[in-house]
Amino acid sequence: MSFRRAISLACGFAGGSAVLVCAAVAADKHGYFADRCRLRETLAAVRAAQTPAWPTANGWDYNWDKRDPSSLVNGKRKESAGDSGSPDAENSKPKATRHIFLIRHSQYNLKGDGDKEKILTPLGREQAEYTGQRLAALGLKYDVLIHSSMTRATETANIISKYLPVAELVSCDLLREGAPIEPVPPVTHWKPEAVQYHEDGARIEAAFRRYIHRADPKQKEDSYEIIVCHANVIRYFVCRALQFPAEGWLRMGLNNGSITWLTIRPSGRVALRALGDSGFMPPDKLTRT
């Protein structure tokens, strides 16, 4: 058996780094390696592959939203653990969890001339009805419904709001659709100019910083907030919130009217409860335009 074949077998059947090393040693005993030097090189490569691609210790930035209590007390980071029991430290600690529901707008008229004519299709209006019903069925008390100022998002939000006694309906220009960051790997069917990434990216990042963060220390109860916007914005938000490479946003797909649910704990931990959930719609109502 050839050297290359031996390595292929070892890597194909191994479920962990220890198994990889054992497989390489076994291959050597059976004469699959020409010499000991080659074995040493192989084992070195296997050990190098043991290094996890994702950091396991201290890999999470707890101050990702710049709201870590340790960085807010008296405007500077506490210098010792002994300060943790001070009144200022306790008052600066978030106590509530934020639940953020990111809703992609419903299907709209792609042939419209300008934003004002890109209104929801009849199917899109049906999709928004399903989304509103689903959010209502969760039985949660929603605090606010924020939506992109683009027509398709505004119409989607208005339909959803019929099912929810939200305290407030807010429009925001920062949430408009755009090109957040050049995707990796690149795609051939969609190539905005560099200036669009530069302009849209700054705006969408500003939207992320405004809406995606842990609760204010003054917030006493958990909150449930709805943001109706666009696929690119939502996918970028998810990558940033989970501290994944933001360039990977285009690797995800979201159906129209789908629900993405982020939870942000007082500690700064973030969990993705749902990504693009649209299982509440009949299969013949699903679209991704």
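In which sense do β1 and β5 pair, and over how many bridges? I looked this up and recorded that β1 and β5 are antiparallel partners joined over six bridges. Strands pair here if DSSP finds at least two bridges between them. Helices (H or I, at least four residues) and strands (E, at least two) are DSSP runs, numbered from the N terminus.

**Basis of the entries.** I note that this is a predicted model, in which local features need pLDDT of at least 70, side-chain atom pairs count only at pLDDT 80 or more, and totals for chains, interfaces and linings use all residues. Residues are numbered from 1 along each chain as its sequence is written, and side-chain values use heavy atoms, with hydrogens and water left out.

**The sheet.** I traced an open sheet of six strands in the order β3-β2-β4-β1-β5-β6, with mixed pairing. β3 and β6 (270-277) stand at the edges with a single partner strand each, so one side of each lacks a neighbour in the sheet. From one strand to the next, the twist averages 20°. I then found W261, in β5, as the bridge partner of F101. Helix α8 (residues 231-241) packs on the sheet and touches β1, β4, β5 and β6. The direction of α8 makes about 150° with that of β1; axes are lines fitted to C-alpha atoms, for helices over the stretch in contact, and angles run from 0 to 180 degrees between N-to-C directions.

**T263.** I located T263 in strand β5 (residues 259-264). Is T263 buried or exposed? T263 is buried, at a relative accessible area of 0%. Buried means under 20% relative accessible area, exposed over 50%, and partly exposed in between (1.4 Å probe, protein chains only). Beyond its neighbours within four places in sequence, T263 has contacts (heavy atoms within 4.5 Å) that include H99, V270 and R273. The side chains of T263 and H99 are joined by a polar contact of 3.2 Å. Such a contact is a pair of N or O atoms within 3.5 Å; within protein, one must be able to donate a hydrogen and the other to accept it, and residues adjacent in sequence count only if both atoms are side-chain atoms.

**Helix α6 and K162.** I recorded that eight of the eleven residues of α6 (residues 151-161) are buried, so the helix is largely enclosed by the rest of the structure. Among the buried residues are R152, I159 and I160. K162 lies in the loop between α6 and β3 and counts as exposed, at 57% relative accessibility. The side chain of K162 makes a polar contact of 3.0 Å with the side chain of E129.
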